[in-house]
2 protein chains.
Amino acid sequence: MGIKPICEQSQAELQALLQETKEAYAAFQAKKLTLNMARGKPAPAQLDLTMPMLDTLRSDANLISETGDDCRNYGVLAGISEAKKLFASLIGAKAEEMFIGGNSSLELMFACIQIAYVKGIAGCTPWSKLDKVKFLCPVPGYDRHFGLTEYFGVEMIPVPMSEDGPDMDMVQKYVESDASVKGIWCVPIYSNPGGVVYSDETVRRFAALKPAAKDFRIFWDNAYCIHHLVENPKQPLTINAACEESGNLNIFYQFMSTSKITFSGGGVAAFNTSAENLAELSKSLGVQTIGFDKVNQMRHVMFFGDAAGVKAHMEKHRQILKPKFDAVLNALETELKPLGIGEWTHPQGGYFVSFNAPNGCAKRVVQLCKEGGVTLTGAGATFPYKNDPDDRNIRIAPTYPSVDELKQAMELFCICVKYAALEQLVK
Amino acid sequence: MGIKPICEQSQAELQALLQETKEAYAAFQAKKLTLNMARGKPAPAQLDLTMPMLDTLRSDANLISETGDDCRNYGVLAGISEAKKLFASLIGAKAEEMFIGGNSSLELMFACIQIAYVKGIAGCTPWSKLDKVKFLCPVPGYDRHFGLTEYFGVEMIPVPMSEDGPDMDMVQKYVESDASVKGIWCVPIYSNPGGVVYSDETVRRFAALKPAAKDFRIFWDNAYCIHHLVENPKQPLTINAACEESGNLNIFYQFMSTSKITFSGGGVAAFNTSAENLAELSKSLGVQTIGFDKVNQMRHVMFFGDAAGVKAHMEKHRQILKPKFDAVLNALETELKPLGIGEWTHPQGGYFVSFNAPNGCAKRVVQLCKEGGVTLTGAGATFPYKNDPDDRNIRIAPTYPSVDELKQAMELFCICVKYAALEQLVK
C-alpha cells in the first residue's frame, strides 16, 4: 500500500490512520521507556574523549604561565596568555582581545548585560535607569539567552530567521532607528536550534550597522564554531574580519566555550571584544572576582596544544554525533515525509534539529511524547517568553541518547507528530 | 645606649633619630629591592602542598557523583552532594543548606547582592529601585567587600571593631531602626585585617537581630574558618548554631572557599544559607549559569576525603605561615615597641597583621615603603571609600614573601614608620 500525503487523504483514511497511530502510541507507552532529549548535552561517550586531559596536568606540571604568572595563585583576571592564544585561533580573533573566564560562557554573557544594567557602558545611562530596554531575538533561538534578557526586564522582539541568518532588513531598521534597542542575540554558526550558518553578507551587514544607541552590542554566541557534522564545513566570514573591514570595532561581544569540546561541567569559557570594550568591562569584572580558574585554563592548553589539536578532537566528536543526527533525520524522512507532515532542518553542525510541526501542534506533540516516556525541550522554549505564536517549533536534541535510544525516541516522536496532526484534521 | 619612647625624647634627640633613620632609609633604598606585601596571597610553598591533588583525579576516575550525576556534564546547579557534605562539615552547617560554586567566594557574594539589586529578595523591592541602600562595614575591613558594595551604589557606614567583633550596640541600633540598612560585612574568624575572632556573645547578638528590613542579610564571610596559626585554636560559636537557637534562620549568607586551602586560582567556593533563601536565590543563579565546575569539586573531595583531611592539610599551611608571622611580629617588637611607635595585632590565624601607625602617618609610610622597594596594601584600603579618617591603619600581609624577604621588608617597614612618625614630631 502506497502512503500518500495527509492533505490528499479522505476523512475516512485520516480516521483510520489516526486509529492506527493511537494503537502504535499505546503499544509504545506499554514499553514504559524513559528517555530525555530535552537539552543539548554531550553523551557520556563524548565526555570520555576528554578523560586523558585529566592525565595531562599532574603534580610535576609547570604551572607558571609564559608571562611568569603562577596559575595556582590569585590574579590574571583576563586569563592566561596561552589560553587567549588558543581560543583566539579558534574564532579568528586577536589574542590580546580575548578574556578567558570560568566554565560557563552564559556567565560571561550575564556579566556583560549586568554591567550595562548596573553601571552602564560607553558612557551611556545604566539600563536599570531606563524606562525601556529592548533586545532583538532571532527565532527560533536559545531559551537560556531569552531567560537572561528576561531576568533583566528587557523587552524581547522576535526576528525571523532565514537560511542566511536573521532578517537583516528588520534588524537594521530596529537597530538604526530605535535607541532603546541595546542588543541582539546571535548564534552565527549552526544556530540553536535552526543550524543556520550566517552568510557572509549577513555578517557584513551586522558589522556595518549604525546603531541609534551607542551602547548597542551584538551578542555573538559562537557556541558551535567548530562543532561540525560534515567533513568539509563552510568557512564563514568572522565577525572580527567583518568589523575590521567596517571599522565598527566596538559593536560586538563574542562568546565561546569548551562545554561541548571537553567537559560541559568543567570546561573553559572565552570572551572576545575590542580592546576598548575589554578595558571598560574588566573594571567591573574585577569587582566580581579576583580571577577565574587558571589551573583549568592551563589544563586545556596542555591537552590541546593548538587549534589543530582542538580540531582533531572535534573530529572524534563528529564520529560520535553524525550517526545520531542521521538516526533522527532517517526517522523523519521515513515516517513523516511520505505523509507530508512537518518540516525540519538538515544541520551541517551544532547540536540540534529544528522541527516544525503543523501549526498548533507543538505543545500537543511534546505532551504526548512526555506521556509516552520521552522528554523533549518544552514547546515554545525556542521563542521569547516561551511564546511560539504558531505553536509549531520543537527543538530535537539528538546528542545525549545512544543511537538505539534515539531510534526508539524518534519512533515515538513520529507517532506523536502524526497523532497531533491527525487529531486536528479528523472532524 | 638605652632606647626610650619617642614621647620622652627631646627635640634634639628626635632630630638625631630622624637623621639616623633617613640614613638607614637611604642605605636600604640603595639595595634596590622589589618586594610585594600588598595582597593576602599564599606563597608558592603553600601552593606546592596541593600539587598532589592533581594526581588524585586521573582518567580512570569515577566521575559519577553519589547522586548519579555525571560531574563532567551540565547540571547540578548547587554542586555535588559530596562537596556539600565536605564544606558543611568545615563550618558546622547542614549539607542540604550548602551551594557549591566556582573558584571564587567573592563571585557568590557578588551574586547575592546582584540578585537583591536586580530582582529583590524576600518579596522586597529590588535595591536598584530604592533611593538609598546602606551596608554596615566593620572597620578595618576587607577592601574587596567594600569595592563590591560600592559597585552597586550602596552607602557604606563604618562600624568600629573591638576584640570581640563589631560594636554590636551600634550594629543593633542601625539594623533594627533603619530599613535602608540591608546588610553587614562580617569576617567572623580572624577578621581581615584585624585577626579578630568574634566572641560567642557577638555571634548570639547577630543571630538575635530583629532587622527593620525584611531583606537585611548578614554577609558572613568565613574566609579563614580553619586558617589557624596556633595549635589549639578557639572554637567559636557558629552562626548556624546561633541562628538555630534564635530561630532567625534566613538572616545570614555564609561564604567560604579553598582559595587559601588548595589553589587561589583554582579552588572551590561554597555558600551556606537557609533552605528558603537557597531556593529563592537558586532561581536567579540558574539564569546566570547552568552549573559550576563539578570536576574540580570532585577533585577536591577526592583529595581531602573528609574534614580531618582538610585539617591535616591546614596544619601544613600553619607550619609555613607561623615563622612568617613571627618574623613580622619580632621586627615590630624589636624596632618599634621600645620607641613606643604604633600598635599592632597578634593574630591567632588568618592572613594579616593589622598595624596602626601614629595618626596621619599611614599614607606616608606606604609611600616611603614603595619608594624603598616594598609594595604594601594602599593606606586607607581597609576602610570604605578608602577613607581611613585617622590615616593610620596599614594591612601587613606576611604570607607571600619568604621569611628572608619578609625580614628585609619589615626592616624597611619599621624604618619607614619611624621616619614618618619622627617627621611629624620634629619641629
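1. The contact between the two chains draws on 59 residues from chain A and 59 residues from chain B, where contact means heavy atoms within 4.5 Å. The model is a predicted one, in which local features need pLDDT of at least 70, side-chain atom pairs count only at pLDDT 80 or more, and totals for chains, interfaces and linings use all residues. Residues are numbered from 1 along each chain as its sequence is written, chains are lettered from A in the order in which they are written, and side-chain values use heavy atoms, with hydrogens and water left out.

2. The size of an interface is often given as the accessible area lost when the parts come together. Here chain A and chain B bury about 4,900 Å² between them, and 52% of it lies on carbon and sulfur atoms; buried area is the accessible area (1.4 Å probe) that two parts lose on being put together, summed over both. On the side of chain A, the residues that lose the most area to chain B are A:R72, A:Y74 and A:Y151, together 17% of what that side buries.

3. The two chains are joined by 2 salt bridges, a salt bridge being a side-chain nitrogen of Lys or Arg within 4 Å of a carboxyl oxygen of Asp or Glu. A salt bridge links the side chains of A:D48 and B:R72, at 2.7 Å from N to O.

4. Several helices of chain A give two or more residues to the side that touches chain B, including α2 (44-48), α3 (53-56) and α6 (143-151). Helices are DSSP runs (H or I, at least four residues), numbered from the N terminus. The largest share of that side, 7 residues, comes from α5(A).

5. How are the two copies related? Chain A can be laid on chain B with an RMSD of 0.0 Å by a turn of 180 degrees and a shift of 0.0 Å along the axis, which is the relation of a two-fold axis. The superposition is by least squares on the C-alpha atoms of residues with pLDDT of at least 70 in both copies. Of the interface residues of chain A, 100% are also interface residues in chain B, so the copies meet through the same surface.

6. A:Q9 lies in the segment before α1 (11-30) of chain A. A:Q9 is buried, with a relative accessible area of 15% (buried means under 20%, with a 1.4 Å probe and protein chains only). A polar atom of the A:Q9 side chain lies 2.8 Å from the backbone oxygen of A:K4.

Methods
Buried means under 20% relative accessible area, exposed over 50%, partly exposed in between (1.4 Å probe, protein chains only). A polar contact is a pair of N or O atoms within 3.5 Å; within protein, one must be able to donate a hydrogen and the other to accept it, and residues adjacent in sequence count only if both atoms are side-chain atoms.
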